[in-house]
Every structure is written in structure tokens, then in C-alpha cells.
Amino acid sequence: MIKPNFLMKGIPLALLGAFASSQTLADESFSVVGSWSSLPLYKQYEQPFWTDILPSDSKGEFEVVMTTHDQMGIGTGDVFRMLGDGVFDVAMTSGDYAVADAPALEGLDVPLLARLSKASKKTDRSRSPYGR
């Protein structure tokens, strides 16, 4: 499980790295779509980061207009297509919802399912380069 402290420090670093190439960081405005407004992920991490922490820590250099999937009335599978079309600047969703656009994400849940003793051992052996 990812610790909240890591999220609060890792997200700003990723954001700065993404925009470091030839863009100034001053006076940036972002259109952000978070996950569902009822989820703890949104309430505890996404919304506080984008609407409080980033604007405050940047001393007002970043302005964020934030909404969620359900507030926009869009399907969760559409979020990355719309992001690619430039409808908004940043989008967040659960990997399960993005499977329609990225079939490789279908396997994300497999490690969570294989917690039974025999299944877990088989899964661990399959990851080992020596099959032990």
C-alpha cells in the first residue's frame, strides 16, 4: 500500500518533471479531472493536492480548475481518450476503468486475487527467474 506521505511528495515531483521541458512554471492553469467525487481516493488525496496543496506550495503560480468524472457526466473509460484530445490537462482514474483503452491494465488485479496459499506460491514461483 502506498503511504499518503509518498503521494503528497511524489505527485509534485512528477508534475514538475512533466512540465520542466521548455515551459515556465509561473502562472500555469490546469484543468483537472479527478476520479469519482464519492471515493476516498478523491476526497483524501486528489482534491486536497490539486485544490489546496499545489496552489499553496507554488505560491499561486499554479491555478487549478478541478472536477470529477461524475460531475462531468463522462464514462470512466472515456477519460483518457478525452485527455488525449486535449479536453483537459490532467486526468485520474482507477486502472480498472481504463481497460477499454489499455488492455494491458487488465492484469493489475491478478496479484490481489492470488492470496490463497497454493495460488500465492504458484504466483511467486512464476515471478522468480529461477522458478523456485
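**A buried glutamate and the sheet beside it**

Visitor: Hi! Which side chain of opposite charge is nearest to Glu-46, and how far away is it?

Guide: That would be Lys-43, at 12 Å. Glu-46 is buried, yet it has no salt bridge. Do keep in mind that this is a predicted model.

Visitor: Where does Glu-46 lie?

Guide: Glu-46 is part of helix 2, which spans residues 40-57.

Visitor: And what is Glu-46 in contact with, leaving aside neighbours within four places in sequence?

Guide: Its contacts of that kind are Gly-34, Ser-35, Leu-41, Met-66 and Met-92. Two of these, Met-66 and Met-92, also belong to the largest nonpolar core.

Visitor: Oh, tell me about that core. How many residues does it have?

Guide: The core has 11 residues.

Visitor: Which elements give two or more residues to it?

Guide: Strand 1 (28-34), helix 2 and strand 2 (62-68) do. The largest share is from helix 2, with four residues. As general background, nonpolar side chains tend to be buried together in soluble globular proteins.

Visitor: How are strand 1, helix 2 and strand 2 arranged?

Guide: They make up a β-α-β unit, and it is right-handed. Strand 1 and strand 2 run parallel, with seven bridges joining them.

Visitor: What about strand 3, how many bridges join it to strand 1?

Guide: Two bridges, again in a parallel pairing, with strand 3 covering residues 90-91. Val-33 has Ala-91 as its bridge partner there.

Visitor: In what order do the strands sit in the sheet?

Guide: The order is 2-1-3, in an open sheet of three strands with parallel pairing. Strand 2 and strand 3 are at the edges with a single partner strand each, so one side of each has no neighbour in the sheet.

Visitor: Why is strand 1 described as largely enclosed?

Guide: Because five of its seven residues are buried, strand 1 is largely enclosed by the rest of the structure.

Visitor: Stepping back, what pattern does the chain follow along the sequence?

Guide: It reads α-β-α-β-α-α-β-α-α, which gives six helices and three strands. The chain has 132 residues, and 26% of them count as buried. For contacts between residues at least 6 apart in sequence, 57% join residues at least 24 apart.

Visitor: New topic: how many salt bridges does the count come to?

Guide: The count is one. It links the side chains of Arg-81 and Asp-78, at 2.8 Å from N to O.

Visitor: Are those two buried, partly exposed or exposed?

Guide: Arg-81 is partly exposed, since its relative accessible area is 41%. Asp-78 is partly exposed as well, at 30%. Glu-46, back where we started, is buried and has no salt bridge.

Methods: Residues are numbered from 1 along each chain as its sequence is written. This is a predicted model: local features need pLDDT of at least 70, side-chain atom pairs count only at pLDDT 80 or more; totals for chains, interfaces and linings use all residues. Side-chain values use heavy atoms; hydrogens and water are left out. A nonpolar core is a set of buried Ala, Val, Leu, Ile, Met, Phe, Trp, Tyr and Cys residues joined through side-chain atoms within 4.5 Å. Buried means under 20% relative accessible area, exposed over 50%, partly exposed in between (1.4 Å probe, protein chains only). Lys and Arg count as positive and Asp and Glu as negative; His and the chain ends are not counted. A salt bridge is a side-chain nitrogen of Lys or Arg within 4 Å of a carboxyl oxygen of Asp or Glu. Contact means heavy atoms within 4.5 Å. Two strands pair if DSSP finds at least two bridges between them. A crossover is right-handed if, with the strands pointing away from the viewer, the path from the first strand over the helix to the second runs clockwise.
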